[in-house]
There are 4 protein chains.
Amino acid sequence: MAIHLQKNAYGKNAINLSKVIRHPDHHEIRHLSVDIALEGDFEAAHTAGDNSSILPTDTMKNTVYAFARQHLTASIEAFGLILAGHFLEHNPPVCDVRITLTEYCWKRLLVEGIPHPYAFINGGSEKHIAIVSKSRQNLLLSAGIDDLLILKTTDSGFEGYIRDQYTTLKETADRILSTSCNIRWDYDRAPEDPDATYNAIRQDLLRSFAWHKSLSVQHTLYAMGESVLRAFPEVTTITLQMPNKHHILFNLQPFGLDNNNEVFIATDEPYGLISGTVSRS
Amino acid sequence: MAIHLQKNAYGKNAINLSKVIRHPDHHEIRHLSVDIALEGDFEAAHTAGDNSSILPTDTMKNTVYAFARQHLTASIEAFGLILAGHFLEHNPPVCDVRITLTEYCWKRLLVEGIPHPYAFINGGSEKHIAIVSKSRQNLLLSAGIDDLLILKTTDSGFEGYIRDQYTTLKETADRILSTSCNIRWDYDRAPEDPDATYNAIRQDLLRSFAWHKSLSVQHTLYAMGESVLRAFPEVTTITLQMPNKHHILFNLQPFGLDNNNEVFIATDEPYGLISGTVSRS
Amino acid sequence: MAIHLQKNAYGKNAINLSKVIRHPDHHEIRHLSVDIALEGDFEAAHTAGDNSSILPTDTMKNTVYAFARQHLTASIEAFGLILAGHFLEHNPPVCDVRITLTEYCWKRLLVEGIPHPYAFINGGSEKHIAIVSKSRQNLLLSAGIDDLLILKTTDSGFEGYIRDQYTTLKETADRILSTSCNIRWDYDRAPEDPDATYNAIRQDLLRSFAWHKSLSVQHTLYAMGESVLRAFPEVTTITLQMPNKHHILFNLQPFGLDNNNEVFIATDEPYGLISGTVSRS
Amino acid sequence: MAIHLQKNAYGKNAINLSKVIRHPDHHEIRHLSVDIALEGDFEAAHTAGDNSSILPTDTMKNTVYAFARQHLTASIEAFGLILAGHFLEHNPPVCDVRITLTEYCWKRLLVEGIPHPYAFINGGSEKHIAIVSKSRQNLLLSAGIDDLLILKTTDSGFEGYIRDQYTTLKETADRILSTSCNIRWDYDRAPEDPDATYNAIRQDLLRSFAWHKSLSVQHTLYAMGESVLRAFPEVTTITLQMPNKHHILFNLQPFGLDNNNEVFIATDEPYGLISGTVSRS
């Protein structure tokens, strides 16, 4: 049997850039990280060391900074579409381009309640993600949120599950539910205003999470996904990864104290990991 | 020359706990990490393996959870003072107790503009720190902020510095200043409302940073420290660590493009580290 | 269009365990982390909060520790096969089980050149991975290496690539090649001695890397994969991820010094990421 | 009371560099990270933004790479001494220079049992540290090890400690002792061959750890420090930080299984932290 190359990809990751956009009465700071992956006819590069079809990842990096100067004027979705188009158009051996953009959130500093014109504070772990997957025939635009760390102190339980000889978990009708979500959704077409759509979907996800009477992480995950699909016809499918950041009731009985769902051990590991995709049929 | 034990300390670190406080119309979530260090007469434990003076770090952990049940009702400063008093009082060999408390920030989720009663979103990398250092004779209460990630897009320059044969940096009257501050200040006495004082000092620091015409990181660091000392007579000294998270102008000339302070490489390493203590004489 | 659940999975991750195995003349320490993911008919759990088909992730964790007591006696591959069989057999709604095992490397401490009977030193970032994917009909056993950090100081170049208006990279016939590999391969059947096979494949990969005249990362990646497939008929396919940990020549000309491939900036970001799968047709 | 600047320092951190040294029959790869901190008369820079005494941290970085070209030929201790001398000599406002050098360990790859001439594998988390603290009057040379991850499966117990109302820990005469040590020692003068001395001290520490009948972490910490001071007259003081990476016995009783010190939960947090300095009087 012959040995041969199958699926392969290459590109530059973690192209970290910032851009200052100067508006008349305030500045805007954009801070993002770009990953680029190209697929195509790169057999000879692998088998014979023939680099004549290879665009160096260093050149990809230069291209991103140069394009940021001219084309990073609105959403990362729009910037990603331009980058993907460029790499596909100018590199015949490439059949697929995947651009993943991660935008960090900076908020204008409030000084005596007023947004400062050019000072900013970082908005936390949460990141806005855009992914452009473009081939000669197809284009898929996806967006998402990484590291969205949310928690609710009630309206969450976990009961009625399988019990076997290894069960020690106690059923509970009231627990802390905490998770650091990674979420991705696909658009059937690029939204007119990707940032507005992103913010609206984000708000929808947070509202679902907050008000859902959660019987399990799975139950809340589905509710969040279903709500987005109902409200946003341009979203065709949504995938949520929800690690369960367990808050475990600390047993205070040995010290003569009760613990009515008050004091918990906040843990990172081990953690439950619940993932699911909700879609239209 | 005899070999002997000098300074030593032991304790439990990263005691991660959460507590739900149920108010009539909303819940409060407290999420903190506690580090405990004891110093004292532990010579025999080290030289002879005699543990009769050693309080196990596991017991420290249990104590923190038990005390959280009853005493974590207000600021982490107040909780730290109670913990320090307990360990000092009940452990005669101990001469110094140091409790470091790190509080993570959770904000009530805004759903349609209204704070949700029991759903929360993480408030970012910034942490509120309290440190209680208590001996038989003395008590020092300190507070601070860790990982306060702030940035300004103008009113920052760096000129007029030493030039030598290894200089390649270009002077600039306009650059991005970005830093992830770790700040500590000492109180001459415990504030009546430590959270209110903390928030006021934090606001003062942010205002100084935002409005300062920065001629260097050192210049801004001093201005921030001086401002706190002027406004808060209960603060005796303040130390700021300000790593310079460099945003480096990307050279677009090879591509026929100008770059008027617009597009930057956002870097983590290497980084300038500026630290200083401002005090009253 | 109806909204419905598509692909979904849940399980416990980062079940960190250690086991001491006491041989007559020395101890053995096993240190691993287990991730479990179950797929199957969990529609009702998602849509209706019906947990009657859900095995809690806490129970999975207990099961792993209990099984480690009795069944973690040889390779992680063998242990994973037993775990996968258990979860599939005892949970009718489950159609697919995926067990990922990560083993940390501890080496016996050399004291005056002799392996100590029960003291160990950690063997570095490199981890041995085993993955068991088992359904009612199929079984796939894979193994791999994570975070294998290797470097060569010569026999690596990068020339003859595409040049465009964004090219600034200089061609080089001699550079440092450094990468932190993640590698996975599939077995057509479980090897008789998975640890022996693992070690032999690992040696083969290192030898290929060391002696290959590298014309690019892609070129070396393919050579490493091809070599394994040639030498190990039980391996059906192998995937390598090779981030390029760039060592960039520092320009010493401004200081009147040459730099004949001697002094480099060691960088983490941005980084080239090269990945490829080599297979039999 | 006047407000004024107290202790302050500035410099460049994480200057990551590699150097290839070409010997006749093999290559050597050096990979290190350098931190520089200057103290001195920088009052005007802080209070008035007067940078005329400030050497930019960017220039420090350039200097390190330029000096690496010519002077990084032997130990990092020797390189640090040269760097410290340079910065002190050429910068009159500086009164103290502190150079911290962290060397990563690369080992020559064994291919069929023979060290490869120019291929390397990373040697793990352990790092060799050198610290040069130089003022106009004094010089202190220190060395150390960071992230030395070691473990023993027996000859470690913890008994006879204080019991109070918060005690739940069970005494044990046989437990796993695992720690990730950070160790620093001061030399009374620079060793003739710093690498040889470093390696000998490292071996001494490992031997002490391995053979010590440990009654507590404190007990082992002191034994390790004392042994170094006895064997190395050029070492004046040694400080060890030994976090207790707890391996906690998993309770298998609910599943009808015994657990005779066999299966443990390997945890990172919370952790005991034991630190101590051993010195000559």
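Q: Which residues of H5(B) do residues of H4(B) meet?
A: This is a predicted model, in which local features need pLDDT of at least 70 and side-chain atom pairs count only at pLDDT 80 or more, while totals for chains, interfaces and linings use all residues. Residues are numbered from 1 along each chain as its sequence is written, with chains lettered from A and ligands numbered from 1 in the order written. Helices (H or I, at least four residues) and strands (E, at least two) are DSSP runs numbered from the N terminus, and contact requires C-beta atoms, placed from the backbone, within 7 Å. B:Ile201, B:Asp204, B:Leu205, B:Ser208 and B:Phe209 in H4(B) meet B:Thr220, B:Ala223, B:Met224, B:Ser227, B:Val228 and B:Ala231.

Q: How is H4(B) oriented to H5(B)?
A: The axes (lines fitted to C-alpha atoms over the stretch in contact, with angles from 0 to 180 degrees between N-to-C directions) come within 9 Å and cross at roughly 140°. Angles under 35 degrees count as roughly parallel, over 145 as roughly antiparallel, 65 to 115 as roughly perpendicular and the rest as oblique. H4(B) is therefore, relative to H5(B), oblique.

Q: Which element gives the largest share of the side of chain A that touches chain C?
A: On this side, 66 residues of chain A contact 66 residues of chain C. Elements giving two or more residues include H1(A), H2(A) and S11(A). The largest share, eleven residues, comes from S1(A).

Q: How many bridges join S11(A) to S1(C)?
A: Strands pair if DSSP finds at least two bridges between them. A:Gly276 stands opposite C:Asn8 in S1(C). The strands S11(A) and S1(C) run antiparallel, and the bridges joining them number nine.

Terms used
Contact = placed C-beta atoms within 7 Å.
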